[in-house]
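Dear colleague,

Please find the structure below, handed over for your reference. My notes on what was found in it follow.

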Amino acid sequence: MAGFNVNAARAQRLEALGRAWTFQLDDDTFELPTELGRGVARKLRALDDNDVDGLLHILLGESQFARFERHDVTVQDIAAILEAYGKETGLGLGED
């Protein structure tokens, strides 16, 4: 019986999704990872369920988050971003 090749499965996922998922806000483009490392997952688990800024800060990183904060973004905008991100990548973030 053949075993499961993690590297091949990862390569297949990255080929299908790419390494980053992008969204546009005004004239800015932002990238979120299509796969999360265990370290990132650990940081996300440590967040309060309602810490949307903490979630975005971890996913976007310092420089992107600083740019993101300059925009007038509503909670509904963030929910829409996270919903689209989850649908396209299979990562369910910011869900109840």
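In these notes, a contact means heavy atoms within 4.5 Å. Helices (H or I, at least four residues) and strands (E, at least two) are DSSP runs, numbered from the N terminus.

This is a predicted model, in which local features need pLDDT of at least 70 and side-chain atom pairs count only at pLDDT 80 or more, while totals for chains, interfaces and linings use all residues. Residues are numbered from 1 along each chain as its sequence is written, and side-chain values use heavy atoms, with hydrogens and water left out.

Overall picture

The protein holds four helices and two strands, arranged along the sequence in the pattern α-β-β-α-α-α. Its C-alpha atoms fill a box of roughly 55 × 30 × 25 Å, taken along the principal axes. Of its 96 residues, 27% are buried; buried means under 20% relative accessible area, exposed over 50%, and partly exposed in between (1.4 Å probe, protein chains only). Among contacts with a separation of 6 or more, 49% are between residues 24 or more positions apart.

Helix 3

Helix 3 covers residues 52-69 and spans only 12 Å between its end C-alpha atoms, whereas a straight helix of 18 residues would span 26 Å at 1.5 Å a residue. The expected span is 1.5 Å times one less than the number of residues. Helix 3 has a kink of about 120° centred on Gly 61, where the bend at a residue is the angle between axes fitted to the seven residues ending there and the seven starting there.

The buried residues of helix 3 include Leu 59, Leu 60, Phe 65 and Phe 68. Which elements do the buried residues of helix 3 pack against? They pack against strand 1 (20-25), strand 2 (28-33), helix 2 (38-46) and helix 4 (75-89).

The nonpolar core

A nonpolar core is a set of buried Ala, Val, Leu, Ile, Met, Phe, Trp, Tyr and Cys residues joined through side-chain atoms within 4.5 Å. The largest one has 17 residues, and Phe 23, Leu 32, Leu 60 and Phe 68 touch the most other members. Strand 1, strand 2, helix 3 and helix 4 each give two or more residues to this core, and helix 3 gives the most, with six.

Leaving aside residues up to four places away in sequence, Phe 23 touches Asp 28, Thr 29, Phe 30, Leu 32, Leu 60, Phe 68 and Ile 81.

Aromatic pairs

The structure holds five aromatic pairs. Rings of Phe, Tyr and Trp (its six-membered ring) pair if their centres lie within 6.5 Å; planes under 30 degrees apart count as stacked, over 60 as edge-to-face and the rest as tilted. Phe 23 and Phe 68 form an edge-to-face pair, at 6.3 Å centre to centre with 80° between the planes. Because Phe 23 lies in strand 1 and Phe 68 in helix 3, this pair ties together parts that are 45 residues apart in sequence. Phe 68 is buried, with a relative accessible area of 4%.

Phe 30 and Phe 68 also form an edge-to-face pair, at 5.6 Å centre to centre with 80° between the planes. Here Phe 30 in strand 2 and Phe 68 in helix 3 are 38 residues apart. Phe 30 counts as buried at 0% relative accessibility. Trp 21, Phe 23, Phe 30, Phe 68 and Tyr 85 form one aromatic cluster.

With kind regards
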